Amino acid sequence: MKLSEKNKNFFDLVYQVCREIPYGRVSSYGAIANYLGSARGARMVGWAMNNAHGQQKFVPAHRVVNRNGQLTGKIHFSTPNEMEILLLKEGIKVKNDQIIDFKKVFWDPTTELSL
DNA sequence: CGATTGACACCAA
DNA sequence: ATTGGTGCCAATC
């Protein structure tokens, strides 16, 4: 048992929140970080996503974008198009790596989960 | 152990 | 509005 596995709480929570994102909706790193308590720890969420590929359960990382709604993390997928395709399949319009109507599809865990 | 990096966010010019 | 610089926390080199 490695130390990283013990301290996976933060990462695990990130994965949990990602899976809680409803179909056809997206969230932002900052929102998730804020929900976990690290308001400025958005980068950690990104790191978690990087590890998400190694997780046994699938993590809809494609539903997580930066606060601009830009698909900055698409390059980390199997193929850069993967993220776009997945989002498009969920009814989310993407143009030039930018989510259209981002505010409409935006899903804030602090607002949706923390009622 | 110190320095650098990273799928971001915020502030100042 | 756009660009550049700084801060955040953890992991990797």
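**View 1. The charges of chain A.** Chain A carries 16 positive and 10 negative side chains, and the centres of these two sets sit 3 Å apart. Lys and Arg count as positive, Asp and Glu as negative, while His and the chain ends are left out; each charge is placed at NZ of Lys, CZ of Arg, CG of Asp or CD of Glu. What you're looking at is a predicted model, where local features need pLDDT of at least 70, side-chain atom pairs count only at pLDDT 80 or more, and totals for chains, interfaces and linings use all residues. Residues are numbered from 1 along each chain as its sequence is written, chains are lettered from A and ligands numbered from 1 in the order in which they are written, and side-chain values use heavy atoms, with hydrogens and water left out.

**View 2. The overall fold.** Chain A has seven helices and four strands, and from the N terminus they run α-α-β-α-α-β-α-β-β-α-α. These are DSSP runs, numbered from the N terminus: helices are H or I with at least four residues, strands are E with at least two. Of the 115 residues of chain A, 38% are buried, meaning under 20% relative accessible area with a 1.4 Å probe, protein chains only.

**View 3. Helix 3 and its neighbours.** Helix 3 covers residues 29-36, and Tyr-29, Ala-31, Ile-32 and Ala-33 are its buried residues. They pack against helix 2 (9-20), strand 1 (27-28), helix 4 (42-52), strand 2 (64-65) and helix 7 (109-112); contact here means heavy atoms within 4.5 Å. Just past helix 3, look for Gly-37, with a positive phi of about 110 degrees.

**View 4. The buried face of helix 4.** Val-45, Ala-48, Met-49 and Ala-52 are buried in helix 4. Looking down the axis of helix 4, these buried residues fall within an arc of 100 degrees, so they line one face of the helix. That arc is taken from the directions from the helix axis to the C-beta atoms. An α-helix has 3.6 residues a turn, so residues three or four places apart point the same way. The buried residues of helix 4 pack against helix 2, helix 3 and strand 2.

**View 5. Phe-102 and its contacts.** Phe-102 belongs to helix 6 (residues 102-105) and counts as buried, at 13% relative accessibility. Setting aside neighbours within four places in sequence, Phe-102 touches Val-26, Val-65, Asn-66, Arg-67, Asn-68 and Gly-69. Phe-102 and Asn-68 are 34 residues apart along the chain, with 8.1 Å between their C-alpha atoms.

Notes
Buried means under 20% relative accessible area, exposed over 50%, partly exposed in between (1.4 Å probe, protein chains only).
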